[in-house]
There are 2 protein chains.
Amino acid sequence: MTDFAATKAMFHLPEGMIYLDGNSLGPLPLSAPADMERVLRDEWGEMLITGWNKADWMQKSTSIGDRIARLIGAETGHVIMGDTLSVKVYQALASAVELNPDRRVILSDSGNFPSDLYMAEGLIQSLDKGHELRVVAPEEVADNITDEVAVMMLTEVDYRSGRLHDMKALTQKAHDHGVITVWDLAHTAGATDVQLAACKADFAVGCTYKYLNGGPGAPAFIYVSPKYVDIARPAMSGWLGHDAPFAFEQNYRPHTGIERMRVGTPPVLALAALSSALDVWDMTNMADIRAKSKVLTDLFIAEVEARCPELTLASPRDANTRGSQVAFAFEDGYAAMQAMIARGVIGDFRAPNIMRFGFTPLYIDEADVIRAAKILEDVMSNRLWDRDEYKIKSTVT
Amino acid sequence: MTDFAATKAMFHLPEGMIYLDGNSLGPLPLSAPADMERVLRDEWGEMLITGWNKADWMQKSTSIGDRIARLIGAETGHVIMGDTLSVKVYQALASAVELNPDRRVILSDSGNFPSDLYMAEGLIQSLDKGHELRVVAPEEVADNITDEVAVMMLTEVDYRSGRLHDMKALTQKAHDHGVITVWDLAHTAGATDVQLAACKADFAVGCTYKYLNGGPGAPAFIYVSPKYVDIARPAMSGWLGHDAPFAFEQNYRPHTGIERMRVGTPPVLALAALSSALDVWDMTNMADIRAKSKVLTDLFIAEVEARCPELTLASPRDANTRGSQVAFAFEDGYAAMQAMIARGVIGDFRAPNIMRFGFTPLYIDEADVIRAAKILEDVMSNRLWDRDEYKIKSTVT
């Protein structure tokens with residue numbers, strides 16, 4: 001059983017703050033500064049170029065990938081770190097489209113994060129072969145899985161509402177129709193009990209700065225299933241995905257396995273911070289996290305609905321179809337959220353009217369949830385916001 | 001005039017080591033650990049999600065880009081940080097090829113770093129429009145600039161020999177034939193007096209972990225000239241290159257200017273380390289660096305040729321056609337380099353027989369050069385290596 005009091009004690013949480021925005025950027029693991037200093041001074045400083053071998057820098061992308069694989073139900077050896085999530089989306093999509101060369105439709109939904117759609121647009125324009133990005137409503141995805149579709153690209157959890165897709169059922173239906181799947185785990189890695197292997201997902205990508213607490217701009221990851229990992233052609237065929245990078249051959253030959261999805265030099269310093277965060281994750285299992293997440297989000301909904309009649313739940317009510325965040329709709333949501341933030345409860349706002357709260361069992365507990373709900377009640381019942389004081393100004397999702 | 005004693009004092013150089021591999025990975029700036037700790041504790045730790053605004057994280061990619069722009073003769077506002085060099089090569093090349101749609105030849109040379117050629121191969125295969133990657137000998141590039149060529153993609157300095165291309169003349173000839181240029185500055189940014197604007201270079205890319213001392217896996221940069229920056233289509237059209245990233249629109253609209261070349265979330269921690277290194281660069285000017293580099297490399301060649309008749313110069317003898325590194329050919333070069341490393345002189349080896357030494361005026365001075373040459377003399381004249389002890393095992397370039 002995961003000891004959540006122990007995990008909470010391993011993060012720096014500013015005094016008096018209830019941080020419900022870990023679905024945007026997770027907090028600092030207490031061990032990160034010392035771990036980073038060791039990498040800076042003892043590795044970079046003392047080893048210099050020899051750090052690539054002596055400090056195993058070159059292996060970090062796969063060894064850290066394996067630590068994340070456990071959290072997303074992936075096979076060992078099938079996850080590699082690097083680049084940003086958008087680049088990884090491009091990489092997965094480019095490979096997937098090419099593996100289904102006779103079809104021209106990329107199916108996605110309007111609940112996908114815009115960058116995924118933009119990357120698909122960019123790729124389609126580069127390929128210039130008449131591919132169509134077909135964006136349907138989230139609830140219409142299943143009905144749009146047809147034999148026309150080359151690739152289904154979905155983000156499991158809607159970044160606004162927290163609506164959770166059924167990865168298993170959608171992947172099954174996709175495969176029944178010869179469709180290759182690309183799953184974006186931005187809002188599920190570290191949040192739900194993702195089961196890539198059990199769902200037979202083909203490709204998956206995700207970021208590590210949200211629930212995984214890897215720090216601002218932490219590296220992304222990519223997963224390729226055993227079925228495709230040795231036949232997927234990397235569109236970005238970088239030297240570190242080469243079968244023999246240090247032979248400096250003139251022509252590209254992809255590495256076997258997931259290493260072909262490595263492009264350039266690993267971000268050693270960023271991986272060091274992520275590694276500190278994974279030391280906390282090593283103390284957990286995702287079934288516990290998911291169970292606790294449901295308890296926390298259910299509790300928040302119950303408390304807020306009892307206290308704040310002005311707010312309308314904008315997330316699925318059934319915890320089984322919801323990620324680890326809760327959204328409430330409210331006309332003056334932006335201003336009200338600023339009032340919450342001024343009172344130490346950090347959530348986020350998404351236009352036009354969504355107040356979004358992320359629940360992260362590693363460092364948020366029931367007492368935090370109730371305190372946050374009470375502060376929200378205070379803000380709402382006393383109308384502690386000024387519509388005119390705040391202009392809508394967004395932050396990073 | 002740059003005060004090189006002052007800059008040298010700003011790096012951690014391990015006791016007794018003469019580090020002649022700064023062309024692979026620069027040393028740790030002494031201020032980096034404290035700077036990084038401040039970003040970790042005061043920014044990530046205390047500000048959390050608000051750091052994107054409060055600590056200006058979102059602006060770092062361009063503000064740091066501008067600090068690098070000064071070092072490579074680029075216009076302010078035309079350099080942006082992010083991703084790895086290979087990804088930036090892909091990005092520049094994809095845009096450049098599309099800007100010359102009626103031509104099918106990408107011209108490069110065998111002195112280019114393999115990853116650049118691999119990325120071109122990968123892009124060509126994705127485009128599937130019959131592009132040809134034409135790789136000629138470095139000295140034959142000029143004669144191969146014809147009206148058939150869409151893009152000329154060259155690394156200015158050969159990573160083995162240190163041979164320096166004439167950017168101005170080749171770019172001029174390219175333009176005379178309607179060819180768009182992509183320059184890779186991996187071995188010239190921070191090493192030579194690059195003049196992108198004066199040479200009218202179209203696109204340029206580079207890494208920051210070599211001469212610029214940004215740390216292992218430090219972010220790359222991309223430059224797009226005023227002529228193309230507002231018309232180049234980003235193949236990787238990520239949300240942070242969108243004109244209004246936080247409007248979360250469903251369709252992509254590129255940002256004006258260099259920001260369209262941003263893809264995903266900026267690597268904040270890696271940029272913090274790079275920023276520490278740039279604090280040293282802020283004390284320099286590249287004309288001084290280039291002049292001192294010529295003095296150091298000329299001195300090393302003279303000393304080694306006087307002391308080590310077994311070694312054959314494999315770099316251009318004229319400093320004006322050489323980057324900031326010196327290569328000597330020697331049959332047992334790998335073993336001899338290991339013997340040098342065991343004696344505290346860190347150089348590198350490139351198959352089949354190249355002993356490579358990088359000279360970095362920021363922290364290498366004449367006394368270091370002479371001491372390194374004396375140790376090399378000792379190794380060579382006393383044959384202080386064991387051919388059998390070392391197998392060829394390469395490190396990162």
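Mentor: B:D83 counts as buried because it has 32 C-beta neighbours inside 10 Å, where buried means 20 or more other C-beta atoms within 10 Å of the residue's own, exposed means 12 or fewer, partly exposed lies in between, and C-beta atoms are placed from the backbone. This is a predicted model, in which local features need pLDDT of at least 70 and side-chain atom pairs count only at pLDDT 80 or more, while totals for chains, interfaces and linings use all residues. Residues are numbered from 1 along each chain as its sequence is written, and chains are lettered from A and ligands numbered from 1 in the order in which they are written.

Although B:D83 is not a glycine, its phi is positive, at about 60°, and its place is the loop between β4 (79-81) and α5 of chain B; helices (H or I, at least four residues) and strands (E, at least two) are DSSP runs numbered from the N terminus.

In chain A, helix α5 (residues 85-99) packs against helix α6 (residues 114-127) at an angle of about 50°, with their axes 9 Å apart; the axes are lines fitted to C-alpha atoms, for helices over the stretch in contact, and angles run from 0 to 180 degrees between N-to-C directions. That angle makes α5(A) oblique to α6(A), since under 35 degrees counts as roughly parallel, over 145 as roughly antiparallel, 65 to 115 as roughly perpendicular and the rest as oblique. On the side of α5(A), the residues that meet α6(A) include A:V89 and A:L93, and on the side of α6(A) they include A:M119 and A:L123, contact meaning C-beta atoms, placed from the backbone, within 7 Å.

Finally, the contact between the two chains takes 71 residues from chain B and 71 residues from chain A. Helices α5 (85-99) and α6 (114-127) of chain B are among the elements that give two or more residues to the side of chain B that touches chain A.
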